[in-house]
Amino acid sequence: MTENAQPKPVAAYCRICGAALGEDEVRLAHGTVYCAAHAPAPEEQAGPPPLPANPGVSPGLAFILGLIPGVGAIYNGQYAKGIVHVLILGLLISINSSDAAGGLEPLFGLLISVFWFYMAFEAYHTARRRMQGEAVDEFSSLVELRGGGRSPLLPVLLIVFGALFLLNNFGMLPMREVLRYWPVLLIAAGVWMLTQQFGGARKGGGAETGGGAATGGVQ
Amino acid sequence: MTRTAELMRAIRGPVVLITLGALLLADRFSGVPVTKSWPVLLIVFGLMKLLERTAGAPGAGGEARYQG
């Protein structure tokens with residue numbers, strides 16, 4: 001093809017042969033420009049990307065092993081996490097079976113069962129990430145505690161619950177008595193939803209439904 | 001600003017360990033059973049994390065600006 005027989009403006013030049021290329025002849029590969037003859041075979045685009053990187057990792061096996069405290073994390077090769085899980089579960093069980101719960105044994109029983117299943121599901125998600133070759137978080141695959149980092153919700157919750165347990169243990173604020181007033185939470189949730197409805201009506205009425213106040217009454 | 005947050009993060013483990021030791025000592029010698037005083041550990045841990053968060057708040061904003 002001659003120079004004056006090419007009405008199209010030149011968009012780029014081939015990296016290999018230097019041919020002038022029009023807009024529709026440009027082949028992009030590895031971040032540079034090739035002509036159609038010299039473009040490398042697109043081996044990256046050919047294969048489907050979600051090929052399991054580690055086909056030997058089984059999330060179902062991780063879930064089942066996760067029901068044994070710490071073993072799910074050990075299956076995923078996270079030994080420190082396994083030890084921490086065993087320590088947390090043992091701490092909860094020993095709090096519940098000694099008199100340290102101070103009358104709040106049902107609450108700790110719930111926490112124990114929640115944490116038990118948390119371990120299994122966490123092992124499942126970690127194993128699935130490993131199978132797909134993704135990066136595995138050392139702390140938890142389910143809860144994002146380090147990523148956000150803005151809201152001081154977790155420390156405030158720790159301090160509030162610590163203070164409540166402390167007052168409860170020394171008998172200054174017996175939770176067994178306080179928790180008898182748990183329907184107040186329903187009233188508070190209703191009032192809060194009302195204020196959301198009336199106050200947020202101008203802003204488009206995106207009132208969320210109030211988070212379930214699932215604090216079961218002990219008494 | 002971030003140095004304070006790093007300091008808080010670094011001394012969190014030792015401070016919790018010292019608190020645990022103090023609670024066990026109080027259990028042995030002053031008659032406050034550790035089965036009653038264990039929520040102090042929660043409070044100390046939460047306080048340390050809160051201090052780290054507030055001390056590192058400007059630094060954390062700067063990191064977010066670099067990432068975004």
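Predicted model: local features only at pLDDT ≥ 70, side-chain atom pairs only at ≥ 80, totals over all residues.
1. Asn169(A) belongs to helix α6 of chain A, which covers residues 153-169. The relative accessible area of Asn169(A) is 9%, so the residue is classed as buried.

2. Extent of the interface. Contacts between the two chains involve 18 residues of chain B and 21 residues of chain A. About 1,600 Å² is buried between chain B and chain A, and carbon and sulfur atoms give 74% of that area. On the side of chain B that touches chain A, α3 (34-37), α4 (39-55) and α5 (57-67) each supply at least two residues. The largest share is that of α4(B), with 10 residues. By type, the residues on this side of chain B are 11 nonpolar, 3 polar and 4 charged.

3. Polar links across the interface. How many salt bridges does the rule find across the interface of chain B and chain A? The number is 0. Polar contact between chain B and chain A comes to 1 residue pair, counting pairs with both residues at pLDDT 80 or more.

4. Lys49(B). This lysine sits in helix α4 of chain B, the helix that gives 10 residues to the side of chain B that touches chain A. Lys49(B) touches Leu154(A) and Pro155(A) in the partner chain, and Arg12(B) in its own, with residues up to four places away in sequence not counted. Is Lys49(B) buried or exposed? Lys49(B) is buried, because its relative accessible area of 15% is under the 20% limit.

5. The salt bridge. Over all chains, the search of the whole structure returns 1 salt bridge. Its partners are Glu122(A) and Lys81(A), whose closest N and O atoms are 2.6 Å apart. Glu122(A) is part of helix α5 of chain A (residues 105-131) and Lys81(A) part of helix α4 of chain A (residues 79-97), so the pair ties together parts 41 residues apart in sequence. Both Glu122(A) and Lys81(A) are buried.

6. Cysteines. Cys17(A) is partly exposed, at a relative accessible area of 42%, whereas Cys35(A) is buried at 9%.

7. Chain B as a fold. The secondary structure of chain B consists of 5 helices and 0 strands, in the order α-α-α-α-α from the N terminus. Chain B has 68 residues, and 29% of them count as buried. Among contacts in chain B with a separation of 6 or more, 67% are between residues 24 or more positions apart.

8. Asp27(B). Helix α2 of chain B, residues 12-29, holds Asp27(B). With residues up to four places away in sequence not counted, Asp27(B) touches Val32(B), Pro33(B) and Val34(B). Ser37(B) is 10 residues from Asp27(B) in sequence, and their C-alpha atoms are 8.7 Å apart. Asp27(B) is partly exposed, with 29% relative accessibility.

9. Leu173(A). This leucine is in the loop between α6 and α7 (175-178) of chain A. Leu173(A) touches Leu164(A), Leu167(A), Asn168(A) and Val178(A), again not counting residues up to four places away in sequence. At a relative accessible area of 31%, Leu173(A) is partly exposed.

Notes. Residues numbered from 1 in each chain as written. Chains lettered and ligands numbered in written order. Heavy atoms only, no water. Buried < 20%, exposed > 50% of the residue type's maximum accessible area, 1.4 Å probe, protein only. Contact = heavy atoms within 4.5 Å. Buried area = accessible area lost by both parts, 1.4 Å probe. Salt bridge = Lys/Arg side-chain N within 4 Å of Asp/Glu carboxyl O. Polar contact = N/O pair within 3.5 Å; in protein donor to acceptor, adjacent residues only side chain to side chain. Helix = DSSP H or I, 4+ residues; strand = E, 2+ residues; numbered from the N terminus. Nonpolar A, V, L, I, M, F, W, Y, C, P; charged D, E, K, R; others polar.
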